[in-house]
Amino acid sequence: MKKITIAVDGYSSCGKSTMAKALARKLEYIYIDTGAMYRAVTLFCMNSGILQGDKIDTERLEKALPEISIEFRTLPEENAPQVYLNGECVEKEIRSMRVSEKVSLVSAIPSVREAMVKLQREMGAKKGVIMDGRDIGTTVFPDAELKIFVTASPEIRARRRLDELKAKGSAVTFEEVLKNVQERDYMDCHREVSPLRKADDAITLDNTCMTIEQQDEWLMQQYRKAAE
């Protein structure tokens with residue numbers, strides 16, 4: 001089958017990254033987690049004092065953008081690519097609630113999106129790539145051969161996210177996570193630049209009541225149709 005570009009968009013905590021990683025392994029495709037890239041920029045802003053509370057020094061951030069290096073490295077002892085920010089592995093830090101609470105603020109900044117979209121297009125230029133995020137099928141790769149838009153109920157997404165955070169030792173409540181999920185949904189859908197929306201030619205995947213096995217089978221079916 002021909003090599004194609006697969007764009008996976010959707011709401012937070014829908015399991016986009018997990019499903020995209022699994023499909024990439026089966027197809028031997030390159031997987032790129034664009035949400036992790038925005039999380040890395042957010043962590044940089046928090047650690048450097050550019051982001052304090054809900055206030056972002058956009059002038060400082062724009063000057064600092066050329067100095068921000070984001071890489072995905074797969075180490076022998078890891079099952080999936082790890083995110084490196086300026087040479088340091090930040091995979092665990094970027095998945096924390098403190099970053100989750102601020103990432104929508106940083107990702108809404110036009111200069112940040114412009115820089116990340118440029119980098120994402122460079123990463124996926126040779127096809128054979130699966131990229132997940134919020135605007136892959138609408139902005140980054142509008143000509144992708146397969147576009148999937150993932151959704152699930154806010155409560156199910158919050159429960160999944162809570163289980164993930166607890167497994168990593170975070171002490172958070174269901175109410176806190178649900179509030180974060182709902183706030184991120186609103187901000188992602190209402191930002192001025194590249195808002196979250198389903199591309200006109202995307203296929204909707206509602207995995208609220210699906211098992212992982214059912215989802216994987218559905219994805220392979222869509223891939224085979226697109227890659228014929």
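User: Which residues lie nearest the centre of the largest pocket, and how many residues line it?

Analyst: The largest pocket is lined by 44 residues, and Gly15, Ser17, Thr18, Arg95 and Glu164 lie nearest its centre. A pocket is an open set of points on a 1 Å grid over the protein atoms alone, with protein on both sides within 12 Å along at least five of seven lines, and lining residues have an atom within 4 Å of a point. This is a predicted model, in which local features need pLDDT of at least 70 and side-chain atom pairs count only at pLDDT 80 or more, whereas totals for chains, interfaces and linings use all residues. Residues are numbered from 1 along each chain as its sequence is written, and side-chain values use heavy atoms, with hydrogens and water left out.

User: What volume does the largest pocket have, and what is its lining by class?

Analyst: Its volume is about 1,100 Å³, taken as the space filled by probe spheres set on the grid points, which are joined across faces, edges and corners. The lining has nine nonpolar, 15 polar and 20 charged residues. Here Ala, Val, Leu, Ile, Met, Phe, Trp, Tyr, Cys and Pro count as nonpolar, Asp, Glu, Lys and Arg as charged, and the others, Gly among them, as polar.

User: Which element gives the largest share of that lining?

Analyst: Helix H1 does, with six residues. H1 spans 16-27; helices (H or I, at least four residues) and strands (E, at least two) are DSSP runs, numbered from the N terminus.

User: Where does UniProt place the "binding site" feature?

Analyst: The unreviewed UniProt entry places it at Gly10, Tyr11, Ser12, Ser13, Cys14, Gly15, Lys16, Ser17 and Thr18. Of these, Ser12, Ser13, Cys14, Gly15, Lys16, Ser17 and Thr18 are included in the lining of the largest pocket. UniProt positions follow the numbering used here, feature names are shortened, and annotations may be inferred rather than shown by experiment.

User: What is serine 17 in contact with, beyond its sequence neighbours?

Analyst: Leaving aside neighbours within four places in sequence, serine 17 is in contact (heavy atoms within 4.5 Å) with Tyr31, Asp33 and Asp132. Serine 13 lies in the loop between strand S1 (5-10) and H1, while serine 17 lies in H1.

User: How do S1 and strand S2 pair with S8?

Analyst: Two strands pair if DSSP finds at least two bridges between them. S1 and S8 are parallel over five bridges, with valine 8 partnered by aspartate 132. S2 (residues 30-33) also runs parallel to S8, joined by four bridges, and aspartate 33 stands opposite aspartate 132.

User: And which residues line the largest cavity?

Analyst: The lining consists of Lys21, Tyr31, Asp33, Phe72, Pro81, Val83, Glu91 and Arg95. A cavity is a set of grid points where a 1.4 Å probe fits but cannot get out. About 50 Å³ of space lies in the largest cavity.
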